[in-house]
Amino acid sequence: MTDAYAGLADLIRDRGRDLLAAATLLAGGRTAGEDLLQAALERTMRAWRRIDGDREGYLRRTMYHLAVDGWRLRSRRPEVLATVEPPAQPDAAEGVALRQALVQALGRLPPKQRAALVLRYWEQLSESEAAEVLGCSVGTVKSNTSRGLARLREIAAAQALGLERGARR
Amino acid sequence: MTPLEDQLVAGMREHTAGLTPATDLLDRAVRGNRRRRARFAAATGALGVTAVLTVVFASTGTPPAAPAPLARPVLTAAEVSQRAIAALATDDVEHARIVVRQQDKQYTQEFWYDSVTGDMRHHDVVPLIGDRLTDTWTIRRNGTATVAYVDHAARTWWTHERPDDTGKSGSHAPYTPEELRQQLSEGTYQLVGEEQLDGQPVIHLRKSYNPGGEDLWVDAGTYRAVRRQIVKAAPIGDIVATLDFDWPPRTPESLRPLVFTPPDGYRETSPQ
């Protein structure tokens with residue numbers, strides 16, 4: 001690392017896990033998440049010395065903007081979704097299949113809905129904070145969150161039906 | 001939270017448990033950034049191979065792990081458009097000087113836009129003959145758009161609030177990054193070629209509509225919009241709008257033009 005990026009290594013050391021987790025949820029998988037985080041880092045490096053104040057916030061916003069833009073581009077071509085890796089700690093509990101299905105479904109949502117859900121439920125941001133990160137109105141965050149949840153609810157219902165069928169077999 | 005939301009959060013936690021960035025993540029980002037800079041240097045022709053390596057060496061303190069690719073690949077219009085879209089993804093402030101001409105008439109405006117909040121300002125530099133010099137701010141907060149208008153000729157100002165319907169109709173305010181991104185996403189630009197604009201290496205794109213058309217010049221290294229020229233045909237002569245952009249980082253100073261303060265000595269009136 002050069003002095004030109006002083007403080008960046010510390011930021012990644014302290015906040016890298018959280019950033020990678022968000023990137024993984026945004027991109028649909030670990031590998032794609034690392035690519036997204038790396039791309040956001042490269043963008044942030046270009047502006048590193050000019051960033052006034054919250055550098056983590058800048059990196060995080062860049063990551064969300066890139067993710068949304070990247071998905072927007074991909075949506076114009078046949079979409080290749082990253083495989084969702086199994087949970088790091090396998091759990092035999094009943095809800096695991098449902099939770100996996102929900103995360104997998106999250107990866108198939110339109111980019112803005114996905115970003116809104118990650119910001120609201122993973123980052124635990126308020127609607128206005130999420131709107132600020134995404135650079136959109138609070139109303140847009142509300143509608144994207146609502147539509148995303150509605151889609152996940154459908155997945156959950158289908159999953160419950162499938163589990164029921166499986167139990168009957 | 002509802003049970004579904006609880007399950008979603010738990011699923012997210014399970015899905016990301018134990019994730020740690022690869023130890024070389026930062027090094028890869030540094031190399032990626034270095035490659036971009038080397039490509040830019042090669043593209044501009046301002047630096048030769050030796051100079052590029054010297055810059056890289058001087059900035060990192062170590063020689064590059066592998067020779068950086070120095071020749072910029074030939075890109076298609078679609079690839080340039082995609083890169084230009086990606087370049088719009090930052091939260092830097094947009095500042096444009098807009099000159100609109102029709103026959104012998106002309107007016108000049110300055111335009112600022114904050115893509116984080118959606119705030120914008122139009123400032124008349126030279127109004128149309130017979131028109132008044134005005135300033136208009138649009139400030140967006142919590143679903144409300146506040147329009148502030150200053151009439152410098154009458155020395156009056158007023159504000160008006162309305163629901164913020166940004167993006168609801170699917171279209172975006174003219175000249176904003178969102179609007180340009182929408183134009184680029186349509187995939188209808190054609191590549192004219194590489195040029196110099198006031199000494200700056202740029203890539204020239206063009207699209208035609210009926211009637212009229214548009215030219216866009218993006219920086220050859222960063223793919224940021226440098227100039228945009230929109231021509232609309234009209235019965236008494238084409239209307240030509242030329243926008244020259246710069247993209248200062250978001251700082252209190254660069255955001256200052258977007259802060260509305262009623263001018264001293266001006267009188268508040270009701271919205272007109």
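**Close-up 1. The interface of chain B and chain A.** In this predicted model, chain B and chain A bury about 4,900 Å² between them, buried area being the accessible area (1.4 Å probe) that two parts lose on being put together, summed over both. Carbon and sulfur atoms carry 62% of it. Contact (heavy atoms within 4.5 Å) involves 47 residues of chain B and 58 residues of chain A. The rule finds 3 salt bridges across this interface; a salt bridge is a side-chain nitrogen of Lys or Arg within 4 Å of a carboxyl oxygen of Asp or Glu. The side chains of Arg61(A) and Asp91(B) form a salt bridge, 2.9 Å from N to O.

Residues are numbered from 1 along each chain as its sequence is written, and chains are lettered from A and ligands numbered from 1 in the order in which they are written. The model is predicted, so local features need pLDDT of at least 70 and side-chain atom pairs count only at pLDDT 80 or more, while totals for chains, interfaces and linings use all residues; side-chain values use heavy atoms, with hydrogens and water left out.

**Close-up 2. Helix H4 of chain A against helix H1 of chain B.** H4(A) spans residues 96-106, and H1(B) spans residues 3-16. Helices (H or I, at least four residues) and strands (E, at least two) are DSSP runs, numbered from the N terminus. The axes of H4(A) and H1(B) are 8 Å apart, at an angle of about 85°. Axes are lines fitted to C-alpha atoms, for helices over the stretch in contact, and angles run from 0 to 180 degrees between N-to-C directions. H4(A) and H1(B) are therefore roughly perpendicular. Angles under 35 degrees count as roughly parallel, over 145 as roughly antiparallel, 65 to 115 as roughly perpendicular and the rest as oblique. From H4(A), Val96(A), Leu98(A), Arg99(A), Leu102(A), Val103(A) and Leu106(A) take part. Their partners in H1(B) include Leu4(B), Gln7(B), Leu8(B) and His15(B). The contact residues divide into 9 nonpolar, 3 polar and 2 charged. Ala, Val, Leu, Ile, Met, Phe, Trp, Tyr, Cys and Pro count as nonpolar, Asp, Glu, Lys and Arg as charged, and the others, Gly among them, as polar.

**Close-up 3. Helix H5 of chain A against H1(B).** H5(A) packs on H1(B) at about 95°, with axes 10 Å apart. The two helices are therefore roughly perpendicular. Leu117(A), Val118(A), Tyr121(A) and Trp122(A) meet H1(B) residues, among them Glu5(B), Val9(B), Met12(B) and Arg13(B).

**Close-up 4. H5(A) against helix H6 of chain A.** H5(A) (residues 111-122) and H6(A) (residues 127-134) pack at about 130°, with axes 10 Å apart. That angle makes H5(A) oblique to H6(A). Ala115(A), Ala116(A), Leu119(A) and Arg120(A) of H5(A) face Glu127(A), Ala130(A), Val133(A) and Leu134(A) of H6(A) in this contact. Of these residues, 6 are nonpolar, none polar and 2 charged.

**Close-up 5. Positive phi in two loops of chain B.** Tyr175(B) is not a glycine, yet has a positive phi of about 75°. Tyr175(B) sits in the loop between strand E6 (156-163) and helix H5 (177-185) of chain B. Asp198(B), also not a glycine, has a positive phi of about 50°. The loop of Asp198(B) lies between strands E7 (190-197) and E8 (200-208) of chain B.
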